[in-house]
Amino acid sequence: DGSITLAGLNNSPTLEATFAAAPFDVLGLMESLALREPNPELDFALDSGRQLSLQLEIEGDSSQLSVPTFEMNFAGASIRADAGIRFATELAPTSVSYSVIAGDIDLTPLFPGTPETETDDDAEAEASNGLNPAAQYEPEAEIPVELLRSLSLLGSVAIDSITTNEMRLENINLFTNVEDGVLDVELTPVELLQGNAQGTLRIDARTATPELELSAALQDINLVDLAPSVSRLNTVTDYLQAESNYTASGISSSALMNSLSGNTAFRVTENSVDIGVVKQVFTAIAALSPTGEAIQQWPDVIRFNSMSGYWLLSDGLDSDQEIKLRMDNFDVSGGGGLDMDAGTFDYDLLFTVLGEPFTQTIPINELYHDVPWPVDCSAAFADPVNRYCRPDFTRVREIFGQIGTNAVRNRLEEVITDQAPTELQDSARGLLRSIFN
C-alpha cells in the first residue's frame, strides 16, 4: 500500500510519496509473471526468512528529488539505502548520489544447487537458473554515452556478505563516480575463498568512441573451494594469484569484446596438478618413437615447485591470443582463440619438456628434452577433458626423423674428432655436411 501527494502545481510543485509492501514470495511473483518456471520442490514461500518486504519514501520539488528512506528485508538481510538527484541547471549538470548498506544476504534459494545425478535437461535448467527462454534473452547492451556526459554521480555500496550455494563473499565495498563523462568503479578487496579479489573499471565517454580500462587482482584464492563452481578447475589445487589488465573501445558490448586487448598473469602456489592431458599427449607421441617411453608410469597428480603463466589478448577473443604456462621443467606456449557463441576453443600449442638446469619434475628420456612438440588443442568446452588436446602426428613424425638424423650426425662427428687424422678432419666434416644437408 502507499500514497502520493502532489502540491503547489501552479507555483512550486512538491512531491511526497510512500510505499510499503508486506512480506511476499519473490519466486512466486516471478513465476506469475512467467519469468521463471514453477519449481514445487522449493519451499521458498514457506520460509519467512526468505520473504521480501519493502518500505520506500520519496520527496521532491522542481529542483531535486530524494529518497530519504528505502528499507528492504530480503534473503535474511536488511538492506537500507538513500539517494538524491539534483536536476541540471545552467551552471551544473544533473547530480546523483546514493548509498546502500546491507547485512548478510543469502541468495541460495534463488540459485538452487545441481542434483547429484543430473540429466542434460537438468544441466540446462541450472545454467539458466530456471528462467524461461523469454526471460533469458538479453539484447546487446550499450554504454549510455549521453547519460555519462550529462550527469555527475557519487555512490557507494557496502554489504556484509553474499552467499550463493557454496560461494560466499564478505566485506563487499563498491564505489562509483561519474565526472566530466568518465565513469570510475572501484571494488575494494572482497574476502573470497580464503583469499580476496579486487578491481577497478573506467569508461571514458568524452571521445566519439568510448574507451574502457579494466584491472583486477586475485590473491590466495583456494582452487579446491572454487572447483565445485568451475568444474574444469578440478585438475589444479591450492592457491591462485592473478593480475589482469585490459582495454577496449566501442559503444556496444560486442564492439567492446571484439576490441578487448590486454593480459592476465597468474601463478599457483603449493600446487598439485592432474597431468592426465599431458600424459595422454606424450603417450601418443611416444608411440611414434623408435625407442618408446614408459609415459604411463608417470603419476596422475604431480606437485610442482613452480607454476605460472600468462594469457595475452589482441583485438578480441576470437584469435591472436598468446598463452604461456611453465611448471618446473614443463613448458606450454602457443596461440589461438575462443568462439564464445559456439562454446569452442582452438589453439596450436607447443609442449616442451626442458632439460637441466630446470628441476626435473616430469621424468622423461633426454631424447625428448628441449624439443617443442606440436599439439592441437581444439574442442568444445563441454567436451570431456581427455578430448581437449592431441599431437600433430605428421609433424611429430618429422621431428623424430630429424632427431634420428641428428643422432647419427653427432655420432659421426665424434668419430671424426676421435679417430680421423687432424689434417683430414675438415674434409671429413665437409663430406658429412653434404650427406645430411
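Is Arg206 buried or exposed? With a relative accessible area of 54%, Arg206 is exposed; buried here means under 20% relative accessible area, exposed over 50%, and partly exposed in between, with a 1.4 Å probe and protein chains only. The model is a predicted one, in which local features need pLDDT of at least 70 and side-chain atom pairs count only at pLDDT 80 or more, whereas totals for chains, interfaces and linings use all residues. Residues are numbered from 1 along each chain as its sequence is written, and side-chain values use heavy atoms, with hydrogens and water left out.

The partner of Arg206 is Asp204: their side chains form a salt bridge with an N to O distance of 2.8 Å. A salt bridge is a side-chain nitrogen of Lys or Arg within 4 Å of a carboxyl oxygen of Asp or Glu. Asp204, at a relative accessible area of 14%, is buried. Side chains of opposite charge can pair when their charged atoms come close. Across the whole structure, 8 salt bridges are found.

Salt bridges also link Lys324, Arg326 and Asp331 into a network. Asp331 meets the side chain of Lys324 at 2.9 Å, N to O, and in its salt bridge with Arg326 the closest N and O atoms are 2.9 Å apart. Asp331 has a relative accessible area of 4% and is therefore buried. Lys324 is partly exposed at 26% relative accessibility, and Arg326 is partly exposed with a relative accessible area of 26%.

The wider fold provides the setting for these pairs. The protein has 9 helices and 20 strands, where helices (H or I, at least four residues) and strands (E, at least two) are DSSP runs numbered from the N terminus. Strand 4 covers residues 64–74 and contains Phe70, a residue that counts as partly exposed because its relative accessibility is 23%. Phe70 lies 12 residues from Ile58 in sequence, with a C-alpha to C-alpha distance of 8.9 Å. Beyond four places in sequence, Phe70 touches Leu54, Gln55, Leu56, Ile79, Arg80 and Ala81; contact means heavy atoms within 4.5 Å.

Strand 7, residues 151–164, includes Thr163. Thr163 is buried because its relative accessibility is 14%. Its contacts beyond four places in sequence are Ile105, Asp106, Leu107, Thr108 and Arg168. With Arg168, the side chain of Thr163 makes a side-chain polar contact of 3.0 Å. A polar contact is a pair of N or O atoms within 3.5 Å; within protein, one must be able to donate a hydrogen and the other to accept it, and residues adjacent in sequence count only if both atoms are side-chain atoms.

Asp238 belongs to strand 12, residues 236–249, and is buried, at a relative accessible area of 13%. Although Asp238 and Glu270 are 32 residues apart in sequence, their C-alpha atoms are 5.8 Å apart. Glu270 is also among the contacts of Asp238 beyond four places in sequence, which include Ile221, Val268 and Arg303.

What does the nonpolar interior contain? The largest nonpolar core has 63 residues, and those with the most contacts inside it are Phe282, Ile285, Trp298, Phe330, Phe351 and Trp373. Apart from it lies another core, of 14 residues, with Ala77, Ile79, Ile105 and Val157 among them. A nonpolar core is a set of buried Ala, Val, Leu, Ile, Met, Phe, Trp, Tyr and Cys residues joined through side-chain atoms within 4.5 Å. In soluble globular proteins, nonpolar side chains tend to be buried together. Of the 437 residues of the protein, 33% count as buried.

Finally, the confidence of the prediction deserves attention. The mean pLDDT of the protein is 79, and 76% of its residues reach 70 or more; pLDDT is the predictor's confidence in each residue, from 0 to 100. Residues 114–137 have pLDDT below 50, and this stretch has 19 contacts in the model beyond near neighbours in sequence. Over residues 405–412 the pLDDT also stays under 50, with 7 contacts beyond four places in sequence. Where pLDDT is low, the predicted coordinates should not be read in detail.
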